[in-house]
Amino acid sequence: MNKKKKKDLGYYLTLLLLLVGSLIMILPLYWMVVSSFKGQAELMQMPPTMYPHNFVTTNFTRVLDSIPFIQYYANSLGVTLLSTVVAVFSSCIIGFVFAKYKFKGRNIIFLVILAFVMIPYDTLMIPLYKLMANLKLTNSYFVLTVPYFVNIFGIFLMRQFFIDYPNDYLEAAEVDGCGHFRRFFTIVLPMAKPMASALFIYVFMAVYNSFLWPLISVNSNKLFTLPVGIAALYSSRGTQTDLIMAASTMMVVPLMIVFALVQKNFIEGLTIGGIKG
């Protein structure tokens, strides 16, 4: 009886902690969405209101009038989708090679690649920008996408996944006459879908929310992504907080759609990683 009570108590304490954690995570998103329907005066008043007293729907149309939001939207989605797809694919194929193919210096090369994780990305921006400038590739879609094509964390993640991948499938495919590329595309890649989906969300969010690199690598208004474009709403004449909240609300919609589409595979991938860990 006492064990049952302790078990019930632990169960309810766990639920309580999860509930509190969920509320803490949801609160910023709730505040952003609610604030997008408030006027500037209500946003600035103290104490703050938890819901709009004067419901304002014109903030969204004002954003479209203030900045070329649709152009920034298209730039962000195009750059992010291309960068994410290439990064996930390159991570899968490179991780698979390091996990299943034996060649001279494999472990040393992998350790060198992994060592770059310890280098802060911000410190690489200046030499990367100078390289792109010398090649005359700045201020283009090329400079917004290519630096994201290889993801070191993704290579490490997929390598760890493929290490435990059964060799029996590969040997059976080899007996049937499948070449290296056919085995990878028809057998390996479909089975890696859960982990690749988790990596897809990680890379998608990182590229979509990237601000500093697009800011320094392009100066044409037509090439701005959403984070850089929304920053235009900050000016010396004052911060348009109501428009920033409305623009941010519209900005998170693709993230929610992507997560909804790959949610099942994403959770499965995290579960696989947790079991293997």
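# Briefing: an all-helix predicted model

Valine 56 sits in the loop between α2 (40–44) and α3. The structure is a predicted model. Its chain has 15 helices and zero strands. Of the 277 residues in the chain, 37% are buried. A search of the whole structure turns up one salt bridge.

**The loop at valine 56**

- Valine 56 belongs to the loop that runs between α2 and α3.
- Leaving out residues up to four places away in sequence, valine 56 touches Ser36, Phe37, Lys38 and Gly39.
- Serine 35 is 21 residues from valine 56 in sequence. The C-alpha atoms of the two residues are 9.5 Å apart.
- Lys38 and Gly39 are also among the residues that aspartate 242 touches.

**The salt bridge**

- Which residue forms a salt bridge with arginine 62? The partner is aspartate 242, and the closest N and O atoms are 3.0 Å apart.
- Arginine 62 lies in helix α3 (residues 59–66) and aspartate 242 in helix α14 (residues 241–251), so the pair ties together parts that are 180 residues apart in sequence.
- Side chains of opposite charge can pair when their charged atoms come close.
- Arginine 62 has a relative accessible area of 34%, so arginine 62 counts as partly exposed.
- Is aspartate 242 buried or exposed? Aspartate 242 is buried, because its relative accessibility is 3% and the cut-off for buried is under 20%.
- Not counting residues up to four places away in sequence, aspartate 242 touches Lys38, Gly39, Gln40, Leu43, Asn59 and Arg62.

**Helix α14**

- Helix α14 is mostly covered. How many of its residues are buried? The count is 11 of 11.
- Thr241, Asp242, Ser248 and Thr249 are among the buried residues of α14.
- The buried residues of α14 also include Leu243, Ile244, Met245, Met250 and Met251.

- Proline 227 is part of helix α13 (residues 226–230).
- Proline 227 has 13% relative accessibility, so proline 227 counts as buried.
- Proline 227 and alanine 247 are 20 residues apart along the chain, and their C-alpha atoms are separated by 9.7 Å.
- Apart from neighbours within four places in sequence, proline 227 is in contact with Ser76, Tyr208, Asn209, Ser210, Phe211 and Met251.

**Packing of α4 against α10**

- Two packed helices are described by the angle between their axes and the distance between the axes.
- At what angle do helix α4 (residues 69–100) and helix α10 (residues 180–191) pack? The angle is about 100 degrees, and the axes are 12 Å apart.
- Angles of 65 to 115 degrees count as roughly perpendicular, so that is the description for α4 and α10.
- On the α4 side, the residues that meet α10 are Phe89, Cys92, Ile93 and Phe96.
- On the α10 side, Phe184, Phe185, Val188 and Leu189 meet α4.

**The loop between α6 and α7**

- Lysine 136 lies between α6 (121–134) and α7 (141–145).
- Lysine 136 has a positive phi of about 60 degrees, although it is not a glycine.
- Asparagine 139 is found in the loop between α6 and α7.
- Phi of asparagine 139 is near 60 degrees, a positive value in a residue other than glycine.
- Asparagine 139 has 31% relative accessibility, so asparagine 139 counts as partly exposed.

**Surface and overall contacts**

- What makes the nonpolar surface patch of about 680 Å²? The residues are Leu9, Leu13, Leu16, Leu19, Val20, Leu23 and Ile24.
- Leucine 13, one of the patch residues, is in helix α1 (residues 2–35).
- Leucine 13 has 46% relative accessibility, so leucine 13 counts as partly exposed.
- The chain exposes about 16,900 Å², and carbon and sulfur atoms supply 69% of that area.
- Of the contacts in the chain between residues at least 6 apart in sequence, 72% join residues at least 24 apart.

Terms used. Residues numbered from 1 in each chain as written. Predicted model: local features only at pLDDT ≥ 70, side-chain atom pairs only at ≥ 80, totals over all residues. Heavy atoms only, no water. Patch = residues over 30% accessible without salt bridge, like charges linked within 9 Å, V, L, I, M, F, W, Y side chains within 5 Å. Areas by Shrake-Rupley, 256 points an atom, 1.4 Å probe, with all protein chains shown as cover. Salt bridge = Lys/Arg side-chain N within 4 Å of Asp/Glu carboxyl O. Helix = DSSP H or I, 4+ residues; strand = E, 2+ residues; numbered from the N terminus. Buried < 20%, exposed > 50% of the residue type's maximum accessible area, 1.4 Å probe, protein only. Axes fitted to C-alpha atoms, helices over the stretch in contact; angles between N-to-C directions. Parallel < 35°, antiparallel > 145°, perpendicular 65-115°, else oblique. Contact = heavy atoms within 4.5 Å.
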